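This report is written for a reader meeting the structure for the first time.

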Amino acid sequence: MGRGAVRAARDQGVSAAVERLLRGGPAAVERIVDDYRERALPLVARTAADDFRAAWQALAGLDVLRLPADGARDGAQADTDGCAVGPVTRSLAAVEGIGLAGVDPGLCYALTSQLVGMQYPLRDALSGLPGRTPADIADGAVLLCHALTERGGGSDPFSMRTTARRDGDGYALDGAKTFVTAAPVADLAVVFARTGAGRSPFALSAFLVPVPSPGVTRGETFDKTALPTVPMGELLFDQARLPACALIGEEGSGLAVMASTTAWERALIMGYALGPMRLMLRRTVEWADQREHFERRMGASHQVAARVSDMAMALHRSRTQLYAMAAALDAGTPARQLAAEASLTKISVSEDYVRMTEHATALSGVRAFLPGSPLPADLHSPMAALTYAGPNDLLRVGVARQFGLPVEN
Ligand SMILES: Cc1cc2nc3c(=O)[nH]c(=O)nc-3n(C[C@H](O)[C@H](O)[C@H](O)COP(=O)(O)OP(=O)(O)OC[C@H]3O[C@@H](n4cnc5c(N)ncnc54)[C@H](O)[C@@H]3O)c2cc1C
């Protein structure tokens, strides 16, 4: 940046200059981000005092959980060059805007998880729910959870012990799912269970299970250090009778359902972090610009500048990858065909989020460790992304396997 550019950035205000650099997407997408940011701003203070369900309801009031019709393009959001915004891109931009408003990251995570890990991949199954309509989900009246992990482990689905045994014209479900986001408050769970033996690809099935219901109870809840505002808990199944219509797809298609939900989730779950990442970069640049050190501003140090540049690079890379995944899904590419790219995106953005937080923490000094300071550090929440939606170590193994390497988990 030359002296003129430095002067221009200072005239605009440092945060405006940062924003300008980051607004690289099509104008229609940036407008959606801005629109949701504006609409979510009044919720920040309100939801901070709410319990999770009340805050969820407030978010649903932004209409962010309502999926557009298949293949819909929003003409109202068309760019000046005629470029229209697909529904998945629109959802991602909405999530980014809500995060950018400063809505609690845990809420943003839960929102993104439901949208991209359940609503989009399971939209057919969810539209045929007896007694409930997609509008109930869109209105926030029905909250979903994705119940895969068990106490014995999450990475290896074939280690699951939960079983669904044929019972008349339906199934009887037995077992437990643990460490499930939103389990303590959810109304409907996507539950994976064994309907066959061993490690056959057809040994698992997926079900939609109302919570609570006869034989389905909530077990332990878990306080966590990452994303602490989102409840996490356990679901217990004791001879829970499920009608045949609770089955998602065919019996034995659980692994295929999981491949779809996890590919969607890996492609886009980190979209929840875009808002918090942008806020973190803005705060850090403002701090480096103001803080006086060694009789000059802190941002005059090359080492400080390099950290800030690395943060901007991480954010730019993350944003580019996430919107590319949304565009591919909008173009109709089946999620399962995007499995490798989705894994790479999840690995890359989660690790960039951790790296950005490390830089921000270093530059904030002691203030990073004071909860009331304007520069608090939360390393736990970014670090948790290395584990959920598939631990990054295992995702790396999967990517290498897709290259044809003879590597197994
Ligand atoms: C914030 C958060 C939200 C979550 N939400 C949900 C949810 O909504 N629903 C749900 O079902 N689960 C959820 N989980 C659980 C999550 O899916 C599991 O934690 C995850 O699948 C890993 O399982 P595990 O914790 O048992 O780790 P393990 O399976 O014990 O693996 C731990 C580590 O061991 C190493 N490892 C193990 N085996 C191998 C191998 N073969 N090759 C290389 N490395 C290996 C890796 O480093 C791996 O990270 C959530 C977790 C978190 C942190």
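## A strand and its partners

Phe207 stands opposite Leu247 in strand E8. The model is a predicted one, in which local features need pLDDT of at least 70, side-chain atom pairs count only at pLDDT 80 or more, and totals for chains, interfaces and linings use all residues. Residues are numbered from 1 along each chain as its sequence is written, and side-chain values use heavy atoms, with hydrogens and water left out.

Strand E5 covers residues 204-210, and because six of its seven residues are buried, it is largely enclosed by the rest of the structure; buried means under 20% relative accessible area, with a 1.4 Å probe and protein chains only. Strands, labelled E, are DSSP runs of at least two residues, and helices, labelled H, are runs of H or I with at least four, both numbered from the N terminus. E5 pairs with E8 (residues 247-248) in the antiparallel sense over two bridges, where pairing requires that DSSP finds at least two bridges between the strands. Strand E4 (residues 188-194) is also antiparallel to E5, joined to it by seven bridges, and Arg194 has Leu204 in E5 as its bridge partner.

## Enclosed cavities

The whole structure holds two cavities of 30 Å³ or more. A cavity is a set of points, on a 1 Å grid over the protein atoms alone, where a 1.4 Å probe fits but cannot get out, and its lining residues have an atom within 4 Å of a point. Grid points are joined across faces, edges and corners, and the volume is the space filled by probe spheres set on the points.

The largest cavity has a volume of about 60 Å³, and its lining includes Val88, Thr112 and Leu268. Helix H5 (87-100) and helix H6 (105-119) each supply at least two lining residues, with the largest share, four residues, coming from H5.

The second largest cavity has a volume of about 40 Å³, and among the residues that line it are Leu148, Glu150, Asp156 and Met160.

## Around the ligand

The ligand is surrounded by 17 residues, of which His146, Thr149, Ser155, Thr181 and Asp393 are the closest; a residue counts here if one of its heavy atoms lies within 4 Å of the ligand. A polar side-chain atom of Ser155 is 2.5 Å from a ligand oxygen atom. A polar backbone atom of His146 lies 2.7 Å from a nitrogen atom of the ligand, while a backbone N or O atom of Phe179 is 3.2 Å from a ligand nitrogen atom.

Methods. Buried < 20%, exposed > 50% of the residue type's maximum accessible area, 1.4 Å probe, protein only. 1 Å grid on protein atoms, 1.4 Å probe; cavity = no way out; pocket = protein on both sides within 12 Å on 5 of 7 lines; lining within 4 Å. Polar contact = N/O pair within 3.5 Å; in protein donor to acceptor, adjacent residues only side chain to side chain.
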